[in-house]
Amino acid sequence: MPSATEEDFMYAIEEAGDWREPILCYLQRGELPRDKVEAGRMQYKAWRRTKYEFEIHHLKQDVSTQSVDNGGSSSGDGGDCSLEKNSRKRRHNLRRPSKSTASMAAHRTTALHKTLATAVLATRHLSTAAITVETSLPFTAHKIDPPSRSVETSPQELLTFFRDMALMRRMEIAADSLYKAKLIRGFCHLYDGQEAVAVGMEAAINNKDCIITAYRDHCLFLGRGGTLLEAFAELMGRKDGCSKGKGGSMHFYKKEGGFYGGHGIVGAQVPLGCGLAFAQKYSKDENVTFALYGDGAANQGQLFEALNMAALWDLPAILVCENNHYGMGTAEWRAAKSPAYYKRGDYVPGLKVDGMDAFAVKQACKFAKEHALKNGPIILEMDTYRYHGHSMSDPGSTYRTRDEISGVRQERDPIERIRKLVLAHDLATEKELKDTEKEIRKEVDEAIAKAKESPLPDPSDLFTNVYVKGYGVEAFGADRKELRGVLP
Amino acid sequence: MAAAITQGVGATTALSSANSKKSRFSSRKSLPDRKGTFFVVRCDGSLTSGFNLRDSRNHRLYANAVATKQDDKTASTASKPGHELLLFEALREGLEEEMERDPRVCVMGEDVGHYGGSYKVTKGLAPKYGDLRVLDTPIAENSFTGMAIGAAMTGLRPIVEGMNMGFLLLAFNQISNNCGMLHYTSGGQFKIPVVIRGPGGVGRQLGAEHSQRLESYFQSIPGIQMVACSTPYNAKGLMKAAIRSDNPVILFEHVLLYNLKERIPDEEYVLNLEEAEMVRPGEHVTILTYSRMRYHVMQAAKTLVNKGYDPEVIDIRSLKPFDLYTIGNSVKKTHRVVIVEECMRTGGIGASLTASINEHFHDYLDAPIVCLSSQDVPTPYAGTLEEWTVVQPPQIVAAVEQLCQ
């Protein structure tokens, strides 16, 4: 008879305190509740579960190769002799093909995993074997050979991607509620939907490479090593914020992480990014700069000026257009004659990437880094989408339909994609992923609580950091002493 | 009178060194004889029928208004310490010394490399330091200023040369929003040690767009410092100080001052960015000025001395922040202030300085501050009109006389 071998139990983890506990006890130790009716129910449930298990097991493996009598030796750790006992009873059922359809089998695969998890108390053992993932779409290239669609990754990376993206999503949604509670004021541009760009890019580079972006910078800040506390405190204008409360949502910076902000004026960060690349070339660093901008900023003149200079001097600058298809309220086709932003560089090669697929982003960024270090600038266009409006004051539905938003959310959501990959490769169960999300939610809530406790900046902080050396508003007062401006 | 004019013109040409660009110095039109045609509306509202050509001496001095130092240096130069050079050479010396000293210093601008700079300030640097350190940029002020700021964020110390200060208007967004603000909005994480320099001011019939005096446009940007140089000595010192400063500094030079000759020390020296220079100590009135107007004021001072007045002339040099200490001491001594500047009347440096002095030293003033600035007009091309756009020595003399009554 086919029996569950050790490998099948490898990916099962210990679960505690759930409704399957009593069944488990019965299966493992033969314990039944006192009440006869309950006991009967218990036995029936146990039978049902094991029946399904073996049906699916039959679908998955070639039954004829397994000998029924192998059951005794395959207990493994935390062995389940009762399974074999039941299986011997049900032997005549085993070769009956299941009537369920493939989708139901898939559903029951999940059930199988759940039950195996309860049945066997084995710990998780993640292999470090590389996994190859195919990107969702092939890359479209302009004046360059596109990289391959297969991306090497590892289980660790997949789970990290999931966690990071879920954290970013949760942070943005929490920021949404904080804004509505009037704890965050002014402008708040949220990045949910676009997390794959941040996470994929981080995976391809190190923190000596520089990233500079516009105002939609919360998640990139996290990716570059910023903490949740710094982010929330800055959003709420507190002292513990990354810019000491003086920058706000649009001015997150992290010097040690190589994150250069956080800029409010559309497009002005691209020449700055080329300047960072210039400095890298000047110091012969072998690092690159990613200058991110949006589809709205792609029509700015200074972008083309900067691109010209970067191409002229072979600066290691990578211009990344995060094309979420709407420049505030204007759709890309209404603002640009040629919305193929990756081609806009003309003599500069370009690559169009599915920005909702973290692996495509990772592959493209890796490829771009190699290219930029050898040949100069390259443009990446990330085809992505934001679920929120342009900022918190924009409902986001006046220029696009809700169907469009929900359609993208269903079909292309970056976190869902990773979740499916994780589940397909048996790296975690649904429940584990849900638990991770719960943990993240708790983490975010704690960070918000801590940020709320952080004090507002002192009035004297008004005048600090205007100049280096801590000059006040006037460097020298009338008596040659440092005069700081006097608050009324 | 005609002889005086020719003499004046002759003197001007003799003084300018062999330099093709200087041709604009020598072509001076003769001044009209009619009295009362041009009038000066001073900031206190009174009209003076300016330019009464009674005094030929005034006339000649007027023509010489730009380079007066030459008159003093008649003695042989060989025996004195230091070396003689022109202002643009002094700038270059300062720049070169700083580039030697610190490998992170680099220059970027239009035609600074192979061409040597449109005013020869960077001549010879590109062959010496390479194309990356003395970078010829395309004509894209906004983005190369942005590039300089981005490079400064990582630790380089770029010097941006604007071919003319008026072109920096194109880079205003980068200067105002990024350069001035990044140190503050990043909570002190990044410093921007960039120097933006270039010539500005009214030249010789360069037309409205190339004769901009826009020190005042930048003065309200928080986070930047502004200095204006006027002599080879302070040009070199301020250039070095600006490069060494960790703050963004805008160094204003003047198109007509590049060929000033002066003897400067051989030793290395760095001037203080926030300090004003006492040009001529005096008792009766404080005249505050900067850049080219210093020379007009010195001309006027000669006349005033002959008339018996004792003006104290201070070249404020630091336009942001003002050196209120030196100015304050002067005001406390003389109790009268005249500000002479080339900036526009409305919202100019003089206007801020007037407000500042009134705020701090009101009790020490015996009379309202007189501010002579250039007219609120685009600089016309015609020579005579152009002269009337800026403040001329006779006007300064008249203002001081009126103030000291």
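**The interface of chain A and chain B**

Modeller: Across the interface of chain A and chain B, 16 residue pairs are in polar contact, both residues being at pLDDT 80 or more; a polar contact is a pair of N or O atoms within 3.5 Å, where within protein one must be able to donate a hydrogen and the other to accept it, and residues adjacent in sequence count only if both atoms are side-chain atoms. On the chain A side that touches chain B, α11 (269-282) and α12 (301-312) each supply at least two residues (helices are DSSP runs of H or I with at least four residues, strands are runs of E with at least two, and both are numbered from the N terminus). The largest share of that side, nine residues, comes from α11(A). By type, the residues of the side of chain A that touches chain B are 27 nonpolar, ten polar and ten charged; Ala, Val, Leu, Ile, Met, Phe, Trp, Tyr, Cys and Pro count as nonpolar, Asp, Glu, Lys and Arg as charged, and the others, Gly among them, as polar.

The model is predicted: local features need pLDDT of at least 70, side-chain atom pairs count only at pLDDT 80 or more, and totals for chains, interfaces and linings use all residues. Residues are numbered from 1 along each chain as its sequence is written, chains are lettered from A and ligands numbered from 1 in the order in which they are written, and side-chain values use heavy atoms, with hydrogens and water left out.

The contact (heavy atoms within 4.5 Å) takes 47 residues from chain A and 54 residues from chain B. About 4200 Å² is buried between chain A and chain B, and carbon and sulfur atoms give 65% of this area; buried area is the accessible area (1.4 Å probe) that two parts lose on being put together, summed over both. The count of salt bridges between chain A and chain B is zero, a salt bridge being a side-chain nitrogen of Lys or Arg within 4 Å of a carboxyl oxygen of Asp or Glu.

Gly262(A) is found in the loop between α10 and α11 of chain A, and the peptide bond from Gly261(A) to Gly262(A) is cis, with omega near 25°. Asp314(A) lies in the loop between α12 and β6 (317-323) of chain A; Asp314(A) has a positive phi of about 55° although it is not a glycine.
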